[in-house]
Amino acid sequence: MSRPVSELLEVLDGAKGGAGTTDGGGEAGMVTTTRRGSASALDSCGTTALLAFVGAGPGDPELLTLRAVALLEGADVVAAETGLVERLRKHINPDALIVPVVENERGELGELGDATVSLTPASRMKNLLGEVAAGRRVVRLTSGDPGLSGVVAAEAALCAKAGVVYEIVPGVAVSTAVPLYAGIPLGRSSGQGGVRIRSLADVADSAGKPGAGPLNTHETLVMVGPAHLLEAAAAALQATGLAKATTPVSVTADGSLTTQRTVVSTLARVAVEAAVLIAGGGEVVVVVGAAVADRAALSWYETKPLFGWKVLVPRTKEQAEGLSTRLRGYGAVSHEVPTIAVEPPRTPQQMERAVKGLVTGRYEWVAFTSQNAVKAIREKFEEYGLDARAFAGIKVAAVGEATAAALVAFGVQPDLTPSGDQSAAGLLEDFPAYDPVFDPIERVFLPRADIATDTLIAGLIELGWEVDDVTAYRTVRAAPPPAEVREAIKGGGFDAVLFTSSSTVRNLVGIAGKPHAATVIACIGPQTAKTAEEHGLRVDVLAPSASVVALADALADFGQTRRVSALAAGEPVYRPSERRPGGRRRSSAR
């Protein structure tokens with residue numbers, strides 16, 4: 001049975017024992033709240049423990065365990081470093097209280113250090129257990145694996161002493177995962193000589209002290225800690241005789257993220273050759289020993305076709321989710337900039353009559369050409385208390401994979417999608433002509449944007465159909481992006497821009513300016529490419545089909561071809577933003 005909160009705090013006060021820290025909330029942002037705990041949150045995680053120590057892995061949110069995600073989604077309070085919270089924001093309960101945590105550089109392996117403010121474990125736990133006593137579920141989030149954290153071990157020991165029920169959720173260890181992402185699997189060396197794992201802070205302080213013996217030929221040393229300690233740690237390794245000046249070394253920053261960077265050097269030269277990583281600050285993972293040689297053949301992450309590319313996607317985060325996920329799979333860093341805002345039609349009466357016509361049997365077909373059209377109809381249905389059953393007996397056509405997916409999410413399975421080009425012209429090639437014998441109704445409902453072209457209308461009329469062309473939504477130019485984004489667009493800060501429609505071309509140029517001549521321009525189809533060229537842009541990449549997946553794949557093919565050509569010529573692999581050629585390259589597809 002857990003102890004009363006007053007007794008818990010007395011135990012923790014005794015643990016502090018005059019360690020020189022202040023009572024009551026000394027850490028910035030470490031406050032309690034009178035907000036009541038969420039009963040649903042307490043029930044959703046399947047545990048009686050109100051406090052969980054959760055490992056966040058090396059950085060990539062996709063490396064979180066399923067248990068970690070469940071606890072973060074149900075948390076009332078999350079105590080973590082700011083960087084961890086920002087990376088994992090989408091998995092954290094949006095109503096949770098965020099408590100900043102700062103560790104000192106000796107805090108734990110795999111957790112960012114160099115702190116200027118830090119509480120002892122007892123001080124921190126006193127604050128967090130106040131939240132637990134109020135019935136709130138607390139997640140103490142730490143990078144890497146809590147099993148390698150000395151601070152978490154100390155905090156858990158205090159919980160045990162106080163009789164608090166808690167759980168510890170393992171995470172992917174930074175010390176083993178980051179070398180793997182750098183193409184250095186530690187297992188190849190551990191089978192012969194073993195692996196040592198230490199903090200950079202401990203190694204940096206070891207100069208002049210007895211060492212643990214030199215690394216043998218097949219042994220590997222892994223060090224984790226603040227980048228500014230790298231030079232001191234390298235010197236200490238040589239001074240103590242643990243490793244020779246010529247021993248191979250790799251240094252990796254931002255491990256497992258699409259901004260990951262690795263430098264390979266020797267112990268004598270690493271402080272100079274990794275100066276850029278040191279200057280960048282933050283945490284690094286250092287591998288010392290013969291295993292570093294494996295990187296030349298086994299580097300798989302930093303050799304992705306678009307690795308490190310900054311790709312501008314002129315869409316909202318919601319619209320660009322599938323495309324951005326695909327780009328991240330190729331190693332790119334996706335930046336979403338909305339160029340179009342969607343608003344209701346100025347006069348809703350036409351839309352209202354059309355929706356009523358769906359219910360009363362006015363239409364044989366409904367043709368959707370965009371996700372926004374599906375969204376507009378769905379919202380109008382919900383306004384009238386209708387659902388997907390209102391489409392019973394009506395045939396539904398959809399242009400584009402995203403449009404079809406939006407219909408399926410609504411509960412409507414499209415009867416017709418283009419077998420070829422995902423466009424209005426492609427739909428017309430497959431759309432049946434009106435047959436008075438087999439089609440009891442000759443009318444098609446076409447909910448569209450106010451700026452849509454007449455290609456589909458003219459084609460349907462030619463096929464014998466009557467068309468109700470209804471403005472379901474208006475597209476207006478979005479507000480300009482921040483000044484730094486506009487400057488990056490015009491100054492060549494982006495490696496590529498993906499255009500998914502002619503309107504995204506017009507609006508991006510209108511609100512942010514023309515992309516730099518070095519930026520790769522990729523277009524989803526011929527019409528979009530034509531619009532880009534009319535605005536003075538030369539198109540490098542043209543998707544083979546009108547889908548965002550094909551567009552991302554085409555850009556990746558372009559990046560891979562570019563990479564292979566550079567390596568074949570014995571040249572470094574530069575991103576487009578790193579080299580500004582005088583003229584733009586044309587895609588081989590054009």
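Ala233 touches Leu200, Val203, Ala204 and Met223, leaving aside residues up to four places away in sequence; to touch, or to be in contact, means here to have heavy atoms within 4.5 Å. This is a predicted model, in which local features need pLDDT of at least 70 and side-chain atom pairs count only at pLDDT 80 or more, while totals for chains, interfaces and linings use all residues. Residues are numbered from 1 along each chain as its sequence is written, and side-chain values use heavy atoms, with hydrogens and water left out.

Ala233 itself belongs to helix α10 (residues 230–239). Helices (H or I, at least four residues) and strands (E, at least two) are DSSP runs, numbered from the N terminus. Ala233 is buried, because its relative accessible area is 0%; buried means under 20% relative accessible area, exposed over 50%, and partly exposed in between (1.4 Å probe, protein chains only). Ser199 stands 34 residues from Ala233 in sequence, and the two are 9.5 Å apart in space, C-alpha to C-alpha.

From this residue one may turn to the whole protein. Its secondary structure comprises 23 helices and 20 strands. Of its 590 residues, 51% are buried. Among contacts between residues at least 6 apart in sequence, 70% join residues at least 24 apart. The protein exposes about 26100 Å², and carbon and sulfur atoms supply 53% of that area; the areas come from the Shrake-Rupley method with a 1.4 Å probe, and for residues only the protein chains shown count as cover.

The packing of helices can be followed in two pairs. Helix α15 (residues 349–360) and helix α16 (residues 371–384) have axes that come within 11 Å and cross at roughly 75 degrees. Axes are lines fitted to C-alpha atoms, for helices over the stretch in contact, and angles run from 0 to 180 degrees between N-to-C directions. Helices α15 and α16 are therefore roughly perpendicular to each other, since angles of 65 to 115 degrees count as roughly perpendicular, those under 35 as roughly parallel, those over 145 as roughly antiparallel and the rest as oblique. Met351, Glu352, Val355, Lys356 and Leu358 of α15 meet Ala376, Ile377, Lys380, Phe381 and Tyr384 of α16. These residues divide into 7 nonpolar, no polar and 3 charged; Ala, Val, Leu, Ile, Met, Phe, Trp, Tyr, Cys and Pro count as nonpolar, Asp, Glu, Lys and Arg as charged, and the others, Gly among them, as polar.

In the second pair, helix α20 (residues 483–491) and helix α21 (residues 502–512) pack at an angle of about 115 degrees, with their axes 10 Å apart. Helices α20 and α21 are therefore roughly perpendicular to each other. Arg486, Ile489 and Lys490 of α20 make the contact with Leu508, Ile511 and Ala512 of α21, and the residues involved divide into 4 nonpolar, no polar and 2 charged.

The loop between β8 (248–253) and β9 (261–266) contains Asp254, whose phi is near 55 degrees, a positive value in a residue other than glycine. Ser256 is found in the loop between β8 and β9 and has a positive phi of about 75 degrees, although it is not a glycine. Asp254 counts as partly exposed because its relative accessibility is 31%, whereas Ser256 is buried at 1%.

Finally, the cysteines deserve attention. Cys159 counts as buried because its relative accessibility is 0%, and Cys523 counts as buried at 0%. A search of the whole structure finds 0 disulfides, a disulfide being a pair of cysteine sulfur atoms within 2.5 Å.
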